[in-house]
Amino acid sequence: MMDAVVRGPDGAVQTTAIESAADLAMVRDSDGVTWIDATGGDESALALVSEAFDLHDLSADDVRAGGRAKVEEFDEYTLLRVNSVKRRTDSWTVTDPIRDVSVGLFVGSDWLVSYSMEPLAAIDDVRDALVRGRGRIRERGPDFLAYLVVTTLVEEYFRVLDDLEARLEGIEDAVIDGPSSVTLEEINDVRRDLLAFRRLVWPTREAIATLALGDVTNIDELTRRYYRDAYEELVELVELTETYRDLASGSRDIYLNTVAMSTNEVMKKLTVVATIVLPLTFVAGVYGMNFEGSPYNMPELAWTFGYPATMLGMLAVAVILLVYFRREGWL
Amino acid sequence: MMDAVVRGPDGAVQTTAIESAADLAMVRDSDGVTWIDATGGDESALALVSEAFDLHDLSADDVRAGGRAKVEEFDEYTLLRVNSVKRRTDSWTVTDPIRDVSVGLFVGSDWLVSYSMEPLAAIDDVRDALVRGRGRIRERGPDFLAYLVVTTLVEEYFRVLDDLEARLEGIEDAVIDGPSSVTLEEINDVRRDLLAFRRLVWPTREAIATLALGDVTNIDELTRRYYRDAYEELVELVELTETYRDLASGSRDIYLNTVAMSTNEVMKKLTVVATIVLPLTFVAGVYGMNFEGSPYNMPELAWTFGYPATMLGMLAVAVILLVYFRREGWL
Amino acid sequence: MMDAVVRGPDGAVQTTAIESAADLAMVRDSDGVTWIDATGGDESALALVSEAFDLHDLSADDVRAGGRAKVEEFDEYTLLRVNSVKRRTDSWTVTDPIRDVSVGLFVGSDWLVSYSMEPLAAIDDVRDALVRGRGRIRERGPDFLAYLVVTTLVEEYFRVLDDLEARLEGIEDAVIDGPSSVTLEEINDVRRDLLAFRRLVWPTREAIATLALGDVTNIDELTRRYYRDAYEELVELVELTETYRDLASGSRDIYLNTVAMSTNEVMKKLTVVATIVLPLTFVAGVYGMNFEGSPYNMPELAWTFGYPATMLGMLAVAVILLVYFRREGWL
Amino acid sequence: MMDAVVRGPDGAVQTTAIESAADLAMVRDSDGVTWIDATGGDESALALVSEAFDLHDLSADDVRAGGRAKVEEFDEYTLLRVNSVKRRTDSWTVTDPIRDVSVGLFVGSDWLVSYSMEPLAAIDDVRDALVRGRGRIRERGPDFLAYLVVTTLVEEYFRVLDDLEARLEGIEDAVIDGPSSVTLEEINDVRRDLLAFRRLVWPTREAIATLALGDVTNIDELTRRYYRDAYEELVELVELTETYRDLASGSRDIYLNTVAMSTNEVMKKLTVVATIVLPLTFVAGVYGMNFEGSPYNMPELAWTFGYPATMLGMLAVAVILLVYFRREGWL
Amino acid sequence: MMDAVVRGPDGAVQTTAIESAADLAMVRDSDGVTWIDATGGDESALALVSEAFDLHDLSADDVRAGGRAKVEEFDEYTLLRVNSVKRRTDSWTVTDPIRDVSVGLFVGSDWLVSYSMEPLAAIDDVRDALVRGRGRIRERGPDFLAYLVVTTLVEEYFRVLDDLEARLEGIEDAVIDGPSSVTLEEINDVRRDLLAFRRLVWPTREAIATLALGDVTNIDELTRRYYRDAYEELVELVELTETYRDLASGSRDIYLNTVAMSTNEVMKKLTVVATIVLPLTFVAGVYGMNFEGSPYNMPELAWTFGYPATMLGMLAVAVILLVYFRREGWL
Ligand SMILES: [Mg+2]
Ligand SMILES: [Mg+2]
Ligand SMILES: [Mg+2]
Ligand SMILES: [Mg+2]
Ligand SMILES: [Mg+2]
Ligand SMILES: [Mg+2]
Ligand SMILES: [Mg+2]
Ligand SMILES: [Mg+2]
Ligand SMILES: [Mg+2]
Ligand SMILES: [Mg+2]
Ligand SMILES: [Mg+2]
Ligand SMILES: [Mg+2]
Ligand SMILES: [Mg+2]
Ligand SMILES: [Mg+2]
Ligand SMILES: [Mg+2]
Ligand SMILES: [Mg+2]
Ligand SMILES: [Mg+2]
Ligand SMILES: [Mg+2]
Ligand SMILES: [Mg+2]
Ligand SMILES: [Mg+2]
Ligand SMILES: [Mg+2]
Ligand SMILES: [Mg+2]
Ligand SMILES: [Mg+2]
Ligand SMILES: [Mg+2]
Ligand SMILES: [Mg+2]
Ligand SMILES: [Mg+2]
Ligand SMILES: [Mg+2]
Ligand SMILES: [Mg+2]
Ligand SMILES: [Mg+2]
Ligand SMILES: [Mg+2]
Ligand SMILES: [Mg+2]
């Protein structure tokens, strides 16, 4: 299923459901700007549209298969493929955490075809704005409508990046609380998602740069400034992504150091206990020996204050060692 | 041995075995598009073909020796060298884990020569499609046949990368189960394979970019769009390879941390045992001393409840330490 | 609220408060150079100015929203967006430690509009210098005034970087004193701030390069040398930032090594204690055994000098081990 | 000492020893292609040749001092400086492990001068081939002779890299056998040699690219294809060098992990011993206490089966702990 | 204070002290090549010279303030700012270990002005060579004199880098002797100095490249070859700097591993001691128990050879464990 939204020469906007090749030919040949919206459509819609607007076979394949954002010029139209993005909730594969849906925008001289395998909020929002709209959206051509879709997607990207930033701040708090095996996996997950996000945003930035800076078929001089604006936002997105990756690395460093520090602390505790208790146990062992039968054999055992003196000596050793360890900062 | 597949001006396709220079001259001079397929051929086939189609000595050497993908233009033909890829099953050398077979595609104005030292599935598939085929494959020239070989090889690359992704997912599962010396070697193997794969795909991407974007001898304007499509897939392959390498690094980090965490846990257990048992042993040692002969020497030993009181005291110390360690999260 | 500073053809400088569109039209149409300063202004000021000087909608949005430094040329003016920078004292978010305020400088043929959401010291300083000034500031056009703002901001950047250098030197001193969990966080904070700072300075450098090297609307040939001078300072800033990041990495390495060294020292102490005391305790344990009733059962216990000899033997063992450990450098 | 190899217009090749400026002038002015080979020569040979062929002072200095590979064009000749390479056997300096000998090739219109401070196998091989040779080597000009030297040197580079690969494979085997301080130094040595090798090959690649792609004085169109072939081999060399460095890093990671794993294993053994023996020793200590004189004081000591029961209890504890540790995978 | 060195049309060289603007005007207007040397000069010298040779205000500021090497062209002269370098002996700041003194070389058509805040050996050497000199230094213009200063500074750089190499070799020896906290700081110091050195050499390389390759005001075609020569040496310097940084990283890796290996060794020693002594101590503890009053209670104590048998058993256990640990390579 697909719809045609036609803005007539009088500025009136009308929406028609397209049922057949004949419907399509009629809206194509009408005056004014025609937007054929086949998002959420089936393959037959794409076939119909390809026939009616003479789209290249490879173009049709490109939007059907999806992939990196790109711009490709043809004699009669420019193809802009961009991607809508959501984080997978059902993260069933570690190597592909961000789910993206490609949408193809075919920008003709006075027509626009949008196609994707699923309905997209960004497309619907721009269509609604066109139907209800005033001002520029009613005056500019299909290149401006395509820009509005792009800028709506860029806002989506910023929301995804905000999520990633929030997770990163959670991680920075968590690493200060101490090491737990779960946290390092979470750090790695964020790094992986930032990597996937960057892989999505980077080609988008390049594609929009082509529209902003080059002399592209059916992209108006005036509209190029708008693409430049979107381009600047995409530059900011890529930069933030790089920065967040670096911050995630920093968190990982702190995390790993916390483990090393903890082992160090554990070792110190063990050493303190062993250093205090082992010598005392040795002394107790000595006075548990059974030497006898000679005035040189353990006369201490028979001294009047032998036991209390020994205990006080042990206490003194323990106290001295405790003071020493405290001064060294081990306690 | 080699075959000639000739598509006559009437569109009919005919396959002939080439036995001699004379056979070769005949098919070369016939009308229509001639494909000399000498894959799996011996050196004499290459010599015959070089003579008949006036191939440069260096071109012949290039396909015989194999190597990185490349495009090189000559007056009468364009040489495209690409590589078929398999993972070595008999991995006898750590520094060369991916085995590749170079194939040279010599694209003339109305002829194509394919040569490689081994038979290649990609070549056979395209030949079959030509013999059985309809549509574009019957209408376009030798540059399009070469494209079909390239796109078949790119599909091969994606299958290899899928294998690598599967191994990577296995690793991510394994590192969560805990450290074992085998796993780090496996992580390193995948990193090494990704490195080798990238070294194979990167020059292919550059070579196809030359065909897609440049103005290359015997590559038709219309066919360039198809090479561009292959180029975009190769860009995707390189990007995924980089991402997988980064994910492998992440797995290695988790792995190494698991070892450090484990050592930390072991140390904690040792410290808990030592901290509880050593002081108690000391106490037992004290009451094993042999002081006697004075009311100050160990009167506790003779107290009615001396032994049970001591045992209860020891139990209390043990319980207090256990509670403390549990609160600290060491148990 | 905004002011107009007009330098008349006679060189006299006069400041007027702008209250309305009429005021604005009057100063705009006056002879000489007109500077409309709307920093610290509200959105209505920007609207008035946009109307009077025919600023593009996107330009107005750009300065309102703020963002990376940039230069954008329009038919009648050049927009330069730069940023004032302070370190946040109320560091409420780990991922955005450096607070920047964007200022838009619209450079016309004989007019300059400055706009930002907050008052800025850099703008005020240049305005004061113009009002009080002599020499070049009174002779050159709006492009030179914009340069003066830029160079004042660059001085600000150098002060921020000096702060970061001071913190870094503090860190280098601290890491030599030994590991404490606080220090690694501080190292990471400095790295993060350097990253944020670099993200601010880098696009500024690129924007000023455009003015210094390109042929930009309303930027005079003579003034370009001054932008080149600012560009060189920005290159120095970026270089220092990179260097400081590298030094911070070095400090982190020393820090982490200090932890590993400390664990090594702790282990050595424990090993020394255990190696000396445990064998002696074993000997004491042996002579605490209760074998008897046969001339072969512990005759030592009854020897005249059994006890002193045993104690001397233990002392000898302890001394030998201490000497050994000292020779090995463990003590 | 130097020789002149002259290929006359009739294709005959003749070798003459050059003793004086007059000899040099004579062969220079003879018809055909003249190769003055002054490799292994003294400085006076270079002075003579510089005078006779009007070589720039800086050119003479460049080949005398040696250094990175480079191409420099002069009015009458092109200077190509390349390097022969051997691994130092007498490795007296850690920062310069690969010894290279620069050779200058001065390519004139119909003359070639080769100069280096030492005799070089590559030069001798090409000279021999020219004297004995047939085919292209007898037909092409001095640019082709220079190419033959380059390609011979590239083969030398491949042999050096094969050595490095062999050492790397030895390392990969060694790290699996376990950590020893010697191995990490060997890994580092290979990394350092790869770095030195890359520093040698990289500028060679750039220099040959200039000859292959540019329009260089005295380098024939036809010969450029041959330089392109050498260039492709140098690209392969640089790529392999990078890959080997990465593999060396991987080996280092495994090596370091092996140390951490070993420490982990050692700690586990210690913990197992301590956890089993310390509690049993405590029990023995308890029954070594001297409480007596009350029915509550250690009645166990007098029970009929007190001792065997205690020993069995201890055995049970030991067995339970052993089973536990085995289940945990510590044994 | 400053001097003028004038080379008259007859080739005679004369040195005059400049005391006033009039002196300056006279030497400026004299025939031949005039070199005004104001190195080690005060600001008034710079002011006088700026006036006499019409130097741009920004040029004067550039050499006064110092900074990165650069080339800047003006209508009547080219400014080359380069830096003399020494290692600080009084290293009072960790972030700026290499002290550099900027010198400005203003190259006019037939005059040269050199200015710096301190006297520089490189300038003095070239001046001496000019006064005493023969050959090229007497024939070429001010661009060649500036080249001589540059090449003298490059020699200085090589000496500094030789120092750094010597320190690096000292480090490589030290890390093999074992870990000490001082060494890691020294490694880091060398890394930091290499970083500072690279920051100094890199822009010098770029500046000299401009002179060697571009078409710069007052730089003669013939002299450009000499700048190219200096450029190649600077390329070598940058490359060596990168290599040394990599070697320093390698030393750091070995150093850190030595710490980990040492901890591993310490742990092994502790484990050996504990594993041998603790079980024996347990046995001694057992035979120190006071069970009695039943034929089942410790009958061993009364056996004729109970004690010697026990001691032999203990010895056997110790020997077996020692043999085991030696076989495992722990001893
Ligand atoms: Mg992925
Ligand atoms: Mg990517
Ligand atoms: Mg990309
Ligand atoms: Mg960026
Ligand atoms: Mg990274
Ligand atoms: Mg960080
Ligand atoms: Mg390769
Ligand atoms: Mg390899
Ligand atoms: Mg490559
Ligand atoms: Mg990429
Ligand atoms: Mg990762
Ligand atoms: Mg940030
Ligand atoms: Mg940035
Ligand atoms: Mg940027
Ligand atoms: Mg830089
Ligand atoms: Mg670096
Ligand atoms: Mg860095
Ligand atoms: Mg450092
Ligand atoms: Mg070099
Ligand atoms: Mg070196
Ligand atoms: Mg280089
Ligand atoms: Mg490469
Ligand atoms: Mg590298
Ligand atoms: Mg890498
Ligand atoms: Mg690896
Ligand atoms: Mg600098
Ligand atoms: Mg610094
Ligand atoms: Mg720089
Ligand atoms: Mg380099
Ligand atoms: Mg590094
Ligand atoms: Mg290294």
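Predicted model: local features only at pLDDT ≥ 70, side-chain atom pairs only at ≥ 80, totals over all residues.
Residues are numbered from 1 along each chain as its sequence is written, and chains are lettered from A in the order in which they are written. Local features need pLDDT of at least 70, side-chain atom pairs count only at pLDDT 80 or more, totals for chains, interfaces and linings use all residues, and side-chain values use heavy atoms, with hydrogens and water left out.

**Stop 1: chains C and A**

Select chain C and chain A together. Here 59 residues of chain C are in contact with 53 residues of chain A, where contact means heavy atoms within 4.5 Å. The two chains bury about 4,600 Å² between them, 63% of it on carbon and sulfur atoms. Buried area is the accessible area (1.4 Å probe) that two parts lose on being put together, summed over both.

Next, select A:Arg228 and C:Glu72. They form a salt bridge, with the closest N and O atoms 3.6 Å apart. The term stands for a side-chain nitrogen of Lys or Arg within 4 Å of a carboxyl oxygen of Asp or Glu. Seven salt bridges are found across this interface.

Now select the side of chain C that touches chain A. Helix H3 (57-65), strand S4 (70-73), helix H7 (181-213), helix H8 (221-286) and helix H9 (306-327) of chain C each supply at least two of its residues. Helices (H or I, at least four residues) and strands (E, at least two) are DSSP runs, numbered from the N terminus. Which element gives the most to this side of chain C? H8(C) does, with 18 residues.

**Stop 2: rings in chain A**

Select A:Tyr77 and A:Trp111. Their ring centres are 6.2 Å apart and their planes stand at 50°, so the pair is tilted. Rings of Phe, Tyr and Trp (its six-membered ring) pair if their centres lie within 6.5 Å; planes under 30 degrees apart count as stacked, over 60 as edge-to-face and the rest as tilted.

A:Tyr77 lies in the loop between strand S4 (70-73) and strand S5 (78-87) of chain A, and A:Trp111 in strand S7 (residues 111-116), so the pair ties together parts that are 34 residues apart in sequence. Are A:Tyr77 and A:Trp111 buried or exposed? Both are buried, meaning under 20% relative accessible area, while exposed is over 50% and partly exposed in between (1.4 Å probe, protein chains only).

**Stop 3: chain B**

Select B:Tyr77 and B:Trp111. This pair is tilted, because the ring centres are 6.2 Å apart and the planes are at 50°. B:Tyr77 is buried, with a relative accessible area of 2%, and B:Trp111 is buried at 10%.
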